[in-house]
Amino acid sequence: MTDIETPVDDISQAPVAKPGKPIAWPLGLAGVVLVIVGSFLSWSYDASILNDLSINFYPGGLQILAIIVALLSLVLLLAEKGPLVKLGSWLDVTLALRALGDGLTLYMVLVVVAISVESDGLINVNPGGYVTLVGAALIAVSAYLLPLRHLRDMSEARMPAWFEILSIAVLMAALLFVAAYALGLPDAWSFILCLVFVFTAAIGLFRSGAMTFVSHAGQRHRKVLTLAAFAAAFLFPFTQNGSDANMSIAGSVLVFSATAMGLNIVVGLAGLLDLGYIAFLGSGAYVAATLSNSAFATIGWKPPFLVVVLVGACVAAVLGLIIGSPTLRVSGDYLAIVTLGFGEIFRFSMFNLDGNNGPNLTNGPNGIPGIPDLELFGFNFGSEHTLAGIELGRFSNYYFLLLILVGGVILAFSRLNNSRIGRGWVAIREDEKAAEAMGVNVFGLKLLAFSIGAFLAGLAGTIKAHQDGAVSPDQYIFLESAFLLAAIVLGGMGTIAGVLLGATILKMLPEKLRFFSEYRLLLFGLLLVLMMRFRPEGLVASRRRQLEFHEEDEALAVAVEEEHLVIEEAK
Amino acid sequence: MTVVEDAARPQAAGETVLEATGVTMRFGGLLAVNDVNLTVREGEIVGLIGPNGAGKTTFFNCLTGLYKPTSGQVRFSGTPLPPKPRAVVRAGMARTFQNIRLFANMTALENVMVGRYCRTSAGALTSVLHGPKFRREEEATRARAQELLEFVGLGRSAEHLARNMPYGDQRRLEIARALATDPKLILLDEPTAGMNPQETRQASDLIFKIRDSGLSVVVIEHDMRFIFNLCDRVLCLVRGEALIEGTPEEVQSDPRVIEAYIGTGEDDDEVEDDVPGGEV
Ligand SMILES: Nc1ncnc2c1ncn2[C@@H]1O[C@H](COP(=O)(O)OP(=O)(O)OP(=O)(O)O)[C@@H](O)[C@H]1O
Ligand SMILES: [Mg+2]
């Protein structure tokens, strides 16, 4: 978290606001007014750009986003000086306002660029756009004129329980709303702008300390947080009004998330680098395909799906044991190489088991198409139905099933994490020799992590096969394993929220930003390099990892520890 | 040869816990430990001294299975011990490390809970199912770990990350973690290295307390005052060989011991510079 720079010993002192430049505050207020006024005016001459921003006094979606940022800035300004000044002793107004001002300015510059690129030049930008741009710049300037202050630590803030729960619910609702809105955007420019908005608001909230408060509230009301997150995820299909395109993206995000969570056990907890993890997803999928009712299935046995799930997961787990048992005895580098090789061996096996070389199991490069929809307890996942007036199609059905899967995987992860087994894994990750000398079964635990990870991936694979309706070897290339790892590293190793976030970002962005497709890898590479440089612990850092990467930062160490104490006391 | 001294010290006349005979460890051309014998009885505190590089830590590593001795046998409570750390811990021998090896990014409590690993049994499935048996065991583990933290005087630091704790506390935490394995014998490798005099005094109190709770202790130290005040019996290693074994008085007054220390340019103060590669 960025706001930990606040020295901890200042908590006890009453917060004193040093006067900044007196002009700053009115300047900021003027900026807010300009942004709001500008957003009500027309931004673009051409109605066909960015979802129509051409009508005066009828703001389009992107204009409303600008207004939201302006309103957030207003709250901050009023907290600095005005009726909300009490809030100002908690919130880091200056830093947050800087983030909002900078972000909004960037946002407006991008709007102007988008309009002039998509139509014929700057001429098509209407005065409203410029007014808003000037307003955004004013907010940024005023934020840099405001004084920096030491504040009370937000993690100390206590509110009535209902307020804390409400803030969690509001955050979840906002997430749901933004996700639904972003997926509904038709063009890439709007999507990028929406991303800029999300990052602006998120950084603003983090800087202000509001996120610290919510995350602590979340720690105190863990059940509520979990429920709210699942409620938001559950409600998502209802916001899509039967859009198969978006629901299919959402479904693949869930498969990806479940797989990444499984890998998170192997990499994040036990610290084993697995570069061929996608093969376990593949083996689950291939098992499901060959045991399905597809005309191309190669095995005569057609057990019910619940049996297929078990078989698929167990086959994957056994593969994990076979790969793991010779390699886990040796040190980490070998494991990475062997798993890398295993991933390729799996793909080539699926490619070549086509009857020409050995038995025909997989139809070789053609794979197994035509996998019918799932039938569970008499319910066919291919059928559409309407709930509360909203049409839920085939992909929504799978979405709900996958949501249960993800929930199960998360449950398994968090329970394992807080158990004897999980402590053993972390101990091995921390110091293998010491763990061994304390009687921890190092080899057994590594093998266990490896096979549990494989089991979970295999499980996800069986559902994926039916959701995709086909399996083929080229779905399980090394790149996919690399993406899974990237999701974990990007999101935050060993965390739940982080890995879910990382998986969502890595799966959703490429789908929405199709015009990037050639540069996709380049961009992700760049993103990862930047992350490793500036935030090596990932977007959502577990407390431990945060310390690991910022060892020199004494203040942080103390602060994190104090936080930890506070949480413990609250339990 | 130990019989005579034991007779002189009646408090150390319990049953034999550890019996190491002819332990030899060879690294290529280097005989780090050469034919060393050691017997430890119930409720005894045995000191292991010797100049730097004498092979003390290596001897510990041989006893605890981190090294597989070139030859020699280790018997624990009468049964031979295979050189496997897990078997050693299960049998009831736990250790600390000369260069502290805590799980730095775990809390103090979690560190000690890891020590309970070999005395608990919850598997992966049990943990995921989270049944009453699992919760009872988890609760018991937590309670025992907390109790041990209090025993070593760290009751208030349970939620501190190990890496943030003061040096002396880290040493005590390592002892608590070792005690969590329910040992009969605990091996301490330089438990007071880097401590100030007050902490050193506390450490010897702690070791007495451990002995009084029924454990045997073998302790490596360079601080002679500490050793001679603490131990029932002292074994001095020089260049991998047992130079002399006897009561603190006997060892202290033996000219060969003094010569061994002076001869290698060491005195009896705390010595912290370690022989490279000589640690695990
Ligand atoms: N794994 C190893 N490989 C090769 N040589 C080793 C190894 N471990 C220890 N040695 C050597 O064995 C000798 C004894 O080392 P050891 O660490 O046991 O000494 P020590 O008595 O514990 O010394 P100190 O008082 O400095 O801790 C040293 O010469 C050391 O270099
Ligand atoms: Mg040593």
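Tutor: R429(A) is partly exposed, with a relative accessible area of 23%; here buried means under 20%, exposed over 50% and partly exposed in between (1.4 Å probe, protein chains only). This is a predicted model, in which local features need pLDDT of at least 70, side-chain atom pairs count only at pLDDT 80 or more, and totals for chains, interfaces and linings use all residues. Residues are numbered from 1 along each chain as its sequence is written, chains are lettered from A and ligands numbered from 1 in the order in which they are written, and side-chain values use heavy atoms, leaving out hydrogens and water.

R429(A) pairs with E430(A) in a salt bridge whose closest N and O atoms are 3.5 Å apart. The term denotes a side-chain nitrogen of Lys or Arg within 4 Å of a carboxyl oxygen of Asp or Glu.

In chain B, R144(B) and D182(B) form a salt bridge at 3.6 Å, N to O. Because R144(B) lies in helix α6 (residues 132-151) and D182(B) in the loop between α7 (167-179) and β7 (185-189), the pair ties together parts that are 38 residues apart in sequence. Helices (H or I, at least four residues) and strands (E, at least two) are DSSP runs, numbered from the N terminus. R144(B) is partly exposed at 25% relative accessibility, and D182(B) is partly exposed at 34%. Both belong to a network of salt bridges that also links R116(B) and E147(B).

Over all chains, the count comes to 16 salt bridges.
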